Amino acid sequence: MPAIGLAGERDAVRDLGLLWLPDDPPADTPMAVVVAIHDTTGIDARGWRYAEQITAAGIAVLHVDLLDTSAEDGGPGDQAADARDALDRLRGVSAILAEDARFATAPIGLLAFGGAGRVAMRAAADATPAGRVAGLALLYPGCAGLEAGDGPGPRSPILLLHGDADPANPPSDCIGLAEGLMRTGHVRRIEYAGAGYAWDLTPSGQYEVPSLPWPGRAGQRVAVRHWPQGAELSATQVASFFAARLTPRGAGAARPAAVVPVAEDHAARARNHSILTNTGESP
C-alpha cells in the first residue's frame, strides 16, 4: 500500500487494489465507491460478478486485499491481531479515497466476502471511516464469530446474505447476529434455501471440489458448492442494496419492503432451489 498523499502521475487508488469504474463516470461530481474486501485467499473472481452489476449502477468498485494471505491454510495465526491490522489498512484506504477528487465527498459501501466480514463490521463502527460508510453487505461471514461489538455497533444499513446449508453460517447463528445488529441500525437478512458456503465461487475445473478457509476458525476449511443462479441473484441484490444507499436517487430513501418468503414443499425443494426462504429487517 502506498503512503497516503502519494504524488506524481500514478493513480494512488489503483495502487491499493483493482479499481473498476462505471462506463460513464460523472465528470463533475464525486462518485460513490464500494470497497470489496476479499478474505484470506486474496482477490479472486468472486468479486467480478458483483462489480459488473455495481458499476452498472454508476458506482465504482475497489477490490482490496486487507487480510494476511501468506498462510498456507488461508488463515492467520492470530486472527484478532490480523483484524486490527486490516482495520488500520482500511483506514488508509479511506484516507486515500478522501484525497481523490473522484471520490472525495461521496459515500462508501463495504462488501465483505467470508472472513473479511469481521473487518468490515469493525470499520462500519469505527469513528474514522464510519462517517462515510453508507452501507455494509456481508456475504456468508461466519455469523457465530461476529458480534455487534462491545461499544456502539455499525450504524449504517446492513445486508446479510447466507445459505441454510452452510455449516459455517447456520441459520440460528445468522439470526442471532442480525438480532444483535438491529440494536444500532437497519439489518436485512436473506437466507437462500439449499445454498452452502461461497455459492458464488466458480470452480476452475469440472471436477474440482474447492474449499475455503472457515471464517473464525484458523486452519479449518469449509467445502464450497457452486450455485450459478444464486450467484447471479446475490449479485443483483447486493448491487440494488448499494444503489439504494449510495446513489443520490437512493439517498434518504425509505428502506426496501421485506420480501415475502417463498413457500414450497420438500419435493419441490429437492428439484430446485427456492429464491428466498427467510428475510428479516429491523425497523
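My entries follow, from the whole chain to single residues.

I note that this is a predicted model, in which local features need pLDDT of at least 70, side-chain atom pairs count only at pLDDT 80 or more, and totals for chains, interfaces and linings use all residues. Residues are numbered from 1 along each chain as its sequence is written, and side-chain values use heavy atoms, with hydrogens and water left out.

Whole chain. I found seven helices and ten strands, taken as DSSP runs (H or I, at least four residues; E, at least two) numbered from the N terminus. Of the 283 residues, 49% are buried, meaning under 20% relative accessible area with a 1.4 Å probe, protein chains only. Among contacts (heavy atoms within 4.5 Å) between residues at least 6 apart in sequence, 76% join residues at least 24 apart.

Helix α2. I looked up residues 46-56 and found Arg46, Gly47, Arg49, Tyr50, Ala51, Ile54 and Thr55 buried. Gly58 follows α2, with a positive phi near 85°.

Ser234. I located Ser234 in helix α6, residues 228-246. Is Ser234 buried or exposed? Ser234 counts as buried because its relative accessibility is 0%. Leaving out residues up to four places away in sequence, Ser234 touches Tyr50, Leu161, Tyr192 and Trp199. Tyr50 is among the buried residues of α2.

Second largest pocket. I recorded 15 lining residues, with Pro26, Met31, Ala32, Gly58 and Pro248 nearest the centre. A pocket is an open set of points on a 1 Å grid over the protein atoms alone, where a 1.4 Å probe fits, with protein on both sides within 12 Å along at least five of seven lines; lining residues have an atom within 4 Å of a point.

Methods
Buried < 20%, exposed > 50% of the residue type's maximum accessible area, 1.4 Å probe, protein only.
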